[in-house]
Amino acid sequence: FYMKKYLMEKLWTFEYDYDMAVVKELKNNDKKWNVSFVEFDVKNFIKEGDIVKGKLFMQYVCESLKVDSELRAVQPFPKSPHIEAVVRVVKHINSYSLLVESAISDSEILVEFENDVAYEKDDVIFFEGELSFEFL
């Protein structure tokens with residue numbers, strides 16, 4: 001889970017704060033992702049076009065299963081941080097968290113599960129969750 005620089009390409013407001021954004025990781029084939037924010041009061045310190053330091057991670061993962069498939073990641077719903085991904089386990093951090101290799105970034109990404117998981121290094125798994133952004 002490495003800090004990188006991201007362009008805040010588009011921001012969406014929910015009630016009185018930015019709830020979501022389209023972020024583009026600089027120097028990574030211009031991949032763009034819809035993300036939710038961990039922090040509150042985001043509108044007080046960012047605007048569209050800003051370049052910020054942060055990290056992506058996946059959370060709210062309820063269901064997952066081992067698969068034999070290529071790594072991939074898709075966001076099937078417009079303006080939604082929902083993500084469906086096939087990832088490879090790099091490290092089992094604790095019963096709720098894994099560090100994974102994914103198609104989202106060239107860096108490893110943290111995945112937080114809603115329940116205990118017993119996956120091991122090099123397991124390839126499919127899951128659905130939410131792609132989130134944390135400012136650093």
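**Labels and their grounds**

Q: Why is K55 called buried?
A: K55 has a relative accessible area of 17%. Buried means under 20% relative accessible area, exposed over 50%, and partly exposed in between, with a 1.4 Å probe and protein chains only. The value of 17% is under the cut-off, so K55 counts as buried.

Q: What kind of model is this, and how are residues numbered?
A: This is a predicted model, in which local features need pLDDT of at least 70 and side-chain atom pairs count only at pLDDT 80 or more, while totals for chains, interfaces and linings use all residues. Residues are numbered from 1 along each chain as its sequence is written, and side-chain values use heavy atoms, with hydrogens and water left out.

Q: What makes the contact of K55 and E134 a salt bridge?
A: The N to O distance between the side chains of K55 and E134 is 3.8 Å. A salt bridge is a side-chain nitrogen of Lys or Arg within 4 Å of a carboxyl oxygen of Asp or Glu, so the pair qualifies. Strands here are DSSP runs (E, at least two residues) numbered from the N terminus.

Q: Which salt bridge does D122 make, and is D122 buried or partly exposed?
A: The side chains of K121 and D122 meet in a salt bridge of 3.9 Å, N to O. D122 is partly exposed, with a relative accessible area of 48%, whereas K121 counts as exposed at 57%. D122 has a positive phi of about 75° although it is not a glycine, and lies in the loop between β9 (109–113) and β10.

Q: Why is K79 called exposed?
A: K79 has 54% relative accessibility, and that is over 50%, so K79 counts as exposed. The place of K79 is in the loop between β6 and β7, and K79 has a positive phi of about 55° although it is not a glycine.

Q: How do you know that β7 and β10 pair?
A: Two strands pair if DSSP finds at least two bridges between them. Seven bridges join β7 to β10 (residues 124–135), and the two run antiparallel, so they pair by this rule. H82 stands opposite E130 in β10.

Q: What makes β7 and β8 a pair?
A: β7 and β8 (residues 97–101) have five bridges and pair in the antiparallel sense. In β8, the bridge partner of K91 is L99. The two strands form a hairpin with two residues between them.

Technical notes. Helices (H or I, at least four residues) and strands (E, at least two) are DSSP runs, numbered from the N terminus.
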